[in-house]
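Please read the points below alongside the coordinates. They cover the sheet, its packing helices and one further helix.

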Amino acid sequence: MVTFSRRHALGLAAAAGLGAGGWSASSTSASAASLAISGPASAYPKGRRPRLLNVLLEDSLSPAERTLATTLQGLMARRGGESIYLNLLSLGYQHWLDDLISRYGVQAQTGDLWKTVKRSGVTGYVLFRTGTPSVNVATTLAGVTGAVAIEESLEAVAIQHGLRKVLDVRDKDDRWVFETYWPRLRHDVVIEQRGDFPERLRDYATMAGAFAFFDGNTDFRAQVVNALDDDGTVIGWGDASNGEDAFIGVNSTAGVKALPADHARNLSVLSGIQEDRLTQPGRLFDPALGPDPDPAAHYVTFLITDGDNIQWELGDFPTDQRWFGSPRRGEVDLGWGISPSLIDLAPSVMGWFYNQSRKDRWVAGPSGAGYMYPSRYPTAALDKHTASLAQAMGRADLSVAQIIDFNAFEKKKLWSSYLKHQEIEGLIYLEYSRYDGLKGKVTWAEGKPVISARTMLWDGLDGADEASVTAELNSAAQNPHSTAGYSVVVWHAWSKSVDSVLSVVDNLAPHVKVIPPDTLVRMVGKYARP
């Protein structure tokens with residue numbers, strides 16, 4: 001059996017004690033968790049709405065300045081109004097900035113980092129040293145103390161600008177923070193981030209008052225995730241050197257999900273937008289709601305992998321011609337995955353994708369509200385997960401969720417936890433290795449379908465090339481009143497593209513009809529129910 005990981009390296013720019021002022025863990029009057037803002041229906045901490053953004057080009061800042069800028073950004077996002085926006089012109093962040101300006105009336109100006117520090121009213125700093133775990137320590141304690149993180153090379157400049165040292169954590173590590181400050185930190189969200197990423201996710205960690213850490217796949221990491229609330233969230237990404245299941249499995253057993261986001265920027269600002277509900281325009285004209293299906297047709301949908309990956313959706317997904325940036329997008333119905341968390345973490349981004357969609361349809365990425373294996377989730381945590389997921393899917397106009405798991409397809413009790421919610425009309429099941437291992441089998445729970453992938457497009461795997469997939473679809477059953485009359489084709493985000501899908505579509509027989517994924521789920525539920 002072939003085993004593979006679905007991730008790739010995105011390459012997105014790849015004796016100390018208390019400081020002056022005598023600040024201590026017990027001297028603050030409010031816990032960090034109480035400082036983060038949540039919307040009325042939000043599952044995640046949110047910033048406040050920005051009014052003016054000081055735009056800084058990431059490439060113009062040194063690594064030390066990026067850490068300063070993003071921890072300051074997180075602090076400023078707590079109160080809204082004026083904040084910072086870190087821009088990368090080669091990725092999607094220019095889209096998100098333009099959208100904030102055009103649709104939400106946010107103003108933007110070229111930023112000056114130290115002038116913004118002065119205007120912010122922040123007066124203190126936490127001192128750290130590059131190349132040590134102290135960057136995560138400083139990020140966490142920036143959220144607790146309301147001070148920015150300053151790398152030791154910038155300390156003299158910080159003092160010149162009137163900042164005073166609150167803490168020196170250059171010899172501290174993640175375990176020390178956990179043992180000393182865990183009661184003062186959030187227990188629903190932690191940030192898993194490598195220390196050599198000076199800016200990514202640090203704004204959100206600071207804004208949320210969340211614990212930022214990275215410790216490989218150790219017993220300490222397991223201790224952290226086991227300390228989280230039921231259905232808590234690890235935002236970031238772990239050590240996948242021995243496969244992602246090495247840490248996703250530990251998370252799942254603890255009843256904790258992951259949001260892949262270790263390359264994400266500006267979530268503190270993007271989460272400051274509030275959208276109670278969004279609508280996919282294409283779902284208003286769903287062909288499953290129309291006349292009876294063609295009795296001689298075979299119906300197929302094409303659905304991309306890795307829709308849970310919010311760093312990718314914020315980054316090069318909207319601009320790269322392999323994916324949503326393809327000039328050929330719109331020639332055929334395509335299925336895209338998206339994280340329901342974006343309705344809280346970046347609702348303007350989710351709205352932008354919906355507004356740009358032509359023949360595009362969106363489903364929730366695996367395994368619902370975040371990446372986990374449902375069969376390993378404790379029952380109470382799974383019920384909490386699916387209830388929160390259903391609420392988010394209703395707000396985000398999503399009706400289908402993807403699932404990734406190990407040999408769990410026939411465990412109908414799991415799927416009942418999802419499908420008992422009216423917002424969720426069906427599930428698309430992917431066996432961890434291979435995704436198409438069940439060859440289109442369908443099972444049922446709560447009268448709704450759980451549909452496995454029939455085949456897939458994936459470079460280097462037997463039967464997953466364009467010619468093989470085309471031949472399999474052309475010879476598939478022509479009977480819309482049987483589950484055999486429908487096919488889900490998943491295409492691998494990192495080795496295939498929109499062009500790969502269209503090379504299959506261009507060679508399909510006339511009786512093979514391409515439809516959106518949620519339409520296929522509705523049709524199976526309506527016409528092929530046993």
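1. Strand S1 (residues 50-57) and S3 run parallel and are joined by 4 bridges; two strands count as paired if DSSP finds at least two bridges between them. Leu 53 is placed opposite Ala 108 in S3. Strands here are DSSP runs of E with at least two residues, helices are runs of H or I with at least four, and both are numbered from the N terminus.

2. This is a predicted model, in which local features need pLDDT of at least 70, side-chain atom pairs count only at pLDDT 80 or more, and totals for chains, interfaces and linings use all residues. Residues are numbered from 1 along each chain as its sequence is written, and side-chain values use heavy atoms, with hydrogens and water left out.

3. The open sheet has 3 strands in the order S2-S1-S3, with parallel pairing. S2 (81-87) and S3 (107-110) are the edge strands, each with a single partner, so one side of each lacks a neighbour in the sheet.

4. Helix H1 (residues 63-77) packs on the sheet and touches S1 and S2, contact being heavy atoms within 4.5 Å. The direction of H1 makes about 145° with that of S2. Angles run from 0 to 180 degrees between N-to-C directions, with axes as lines fitted to C-alpha atoms, for helices over the stretch in contact. Helix H2 (residues 93-104) also packs on the sheet, touching S1, S2 and S3, at about 155° to the direction of S2.

5. Just after H4, Gly 146 has a positive phi of about 75°.
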